Amino acid sequence: MTGLILAALHVNTMGVEDLFHDGEVLWAATSGGLEAYDDAGERIGHVLEGLPGAKLAAVGLHKGRLTVGGAQGAASWQPDPVVGRWEPLYAEELGSDTSVVAVLPDHLVTAAGMVFPGGLSLDGHVADAVWFDGTIVAGTLEAELLIVRNGKVTREMLPGPVTDLAVVDGQVRVACEYGSAVYDGVLRWEDLAASAAGKYWGTPSGLVFGESGLVASVGAPVTSIEDTPAGVVVGTASGLYRLGTEGVTQMTPAGQICGSFLTGATSWEGKLVVSTFDSGACVLESDGWKRIEGIPTEMFNDVQADGADLWLASSDGLYRLNESGLKHFGVVDYGTQLKTPGVHHKAVNGLAVGDRLWITDVVGPVSVDAKENWRRHRLSVWGRSYQDVAACGDEAWVASEDAGVTWTNGRKWAHFDASTGLPDDWVMAVACDGIGTAWAGTYQDGVWAMNSGRWEQLKGLEDLWVLSLDWGEENLWVGTMGGLFRYNESFRPVRGIPHPAVHDITVVDGGVLVATEGGLAVLATDSQPVSLMKHASVR
């Protein structure tokens, strides 16, 4: 079995949600994991492994340990003489209410207003909370400040929904989007519309204000502010900035991958290319990731390379990029229209390359041969929601959410569904090896293999929602909502990927590209592992 290592991670940490300085290290909770910086503003490293998801909302000390919270719960760092580890907090108590928005010295607070430990319930949707003068002070999206003392809750009205709270100079500063307020036992409204609170106030327009007026402009909505020995650090939707005597300095590395929620990945002319669900598509150039410009949508479902052509499946239709530029394709009607490029439906779902290009949308499959003859195969299928497609030579396997799997060699067609051996008609992903075996990944019944005309279930992933499949040399690669797995006689989990939801897997020469909801993982055979985190001490 060929050994693969985690050679590189490409994540987007531009969206900063919270900041915490522990006396030695500045920690940034971002949309792509946990970042660490020293007091000189140098990036120490990035943490993903063991976190409760890539998208974090809060970071701080809880019970004396560094703790992070996000949409999938919370975890604290447990020191160890050899290697530390992240351990989940209050997982059983949290239940389905897992969105942790605030880390306090002795409590965690969720977006639904639950306080752990103890299970105290606060009315409203909590945006942030702090510990102040022996009380929990929470701000809500309903524009209320909740003061929790001895189990009793006092309410104060605010000028707008809360976005951030901070304790500064013996008072709680409250950023309310449409206004601001301070609380020190008495609540007072302020005139400034603020999105972040700290030593300074930050605004949705990227301005930073102090007591004497405007301090700086960082050019992006301010989300958090933290005072450090080297100056005030400002977290924004576009990264970290430090305010010092030299002015505004960007701390977050430039040239990051264009988004966190990836839907596809491929290698095109020696470069990595990814598509994202909500942030466009981008190419890894020598100086970092660059957006592919000229497409009027941010939503992409897949990306595929075919020689010099790069194909992009988007919510706005199909695009091709090559040395001649970017081209948008029109319509292929039902039936057999030839020399008429396009896919009929506006949203394109899946792409695959064999001896021709295969395309899927909700209507069915389309094929494009080497002479650029386009053909809509609607008359050969009967489903109404075609998602994934796999191509091996002249064969193609097409996955449908309502009609199982369809096979074709371009001349003959065969259909497989619940009546012919599959567990149901909802198939999310397909793969083939080119020598007679195919695999189908289902919504709720695991992975099934076609051997000698019969479907058989591969034991081990029966309870996981399968999102993606690909075959490479000795292994079947399986992406699920619960992680990445490699199958060779049995399923083995692959650790270290940015996010457990794996939406696309592409086997390339020398490795595997894994597109997740938290970024891209590159598994390779001919590289040395990258140090993902030089962990600093935490007090």
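A cavity is a set of grid points where a 1.4 Å probe fits but cannot get out. The legends below describe close-up views of a predicted model.

Figure 1. By the rule applied here, the model holds one cavity of 30 Å³ or more.

**Figure 2. The largest nonpolar core.** This core contains 16 residues, and those that touch the most other members are Trp397, Val405, Phe416, Leu422, Val427, Val430 and Trp455. At least two residues of the core are supplied by each of the strands β42 (386-392), β43 (395-400), β44 (405-408), β46 (427-432), β47 (438-442) and β48 (447-451). Strand β46 gives the largest share, three residues. Apart from this core lies another, of 15 residues, which includes Ala36, Val47, Leu51 and Leu56.

**Figure 3. The surroundings of tryptophan 455.** Tryptophan 455 is one of the residues that touch the most other members of the largest nonpolar core. When neighbours within four places in sequence are left aside, which residues are in contact with tryptophan 455? They are Trp397, Phe416, Thr420, Gly421, Leu422, Ala438, Trp439, Ala440, Trp448, Ala449 and Met450. Among these contacts, Trp397, Phe416 and Leu422 are also named with tryptophan 455 among the core residues that touch the most other members.

Figure 4. Why is strand β18 (residues 164-168) described as largely enclosed by the rest of the structure? Four of its five residues are buried, and the strand is therefore largely enclosed. Buried here means under 20% relative accessible area. Strand β18 runs antiparallel to strand β19 (residues 171-175), and five bridges join the two. Within this pairing, alanine 166 has arginine 173 of β19 as its bridge partner. The two strands form a hairpin with two residues between them, where aspartate 169 takes a positive phi near 50°.

**Figure 5. Glycine 3 and its contacts.** Glycine 3 belongs to the segment before β1 (5-10). Where neighbours within four places in sequence are left aside, glycine 3 is in contact with Ala524 and Thr525. Glycine 511 lies 508 residues away from glycine 3 along the chain, yet the C-alpha atoms of these two glycines are separated by 9.8 Å.

Notes:
Residues are numbered from 1 along each chain as its sequence is written. This is a predicted model: local features need pLDDT of at least 70, side-chain atom pairs count only at pLDDT 80 or more; totals for chains, interfaces and linings use all residues. Side-chain values use heavy atoms; hydrogens and water are left out. Contact means heavy atoms within 4.5 Å. On a 1 Å grid over the protein atoms alone, a cavity is a set of points where a 1.4 Å probe fits but cannot get out, and a pocket is an open set with protein on both sides within 12 Å along at least five of seven lines; lining residues have an atom within 4 Å of a point. Grid points are joined across faces, edges and corners, and a volume is the space filled by probe spheres set on the points. A nonpolar core is a set of buried Ala, Val, Leu, Ile, Met, Phe, Trp, Tyr and Cys residues joined through side-chain atoms within 4.5 Å. Buried means under 20% relative accessible area, exposed over 50%, partly exposed in between (1.4 Å probe, protein chains only). Two strands pair if DSSP finds at least two bridges between them.
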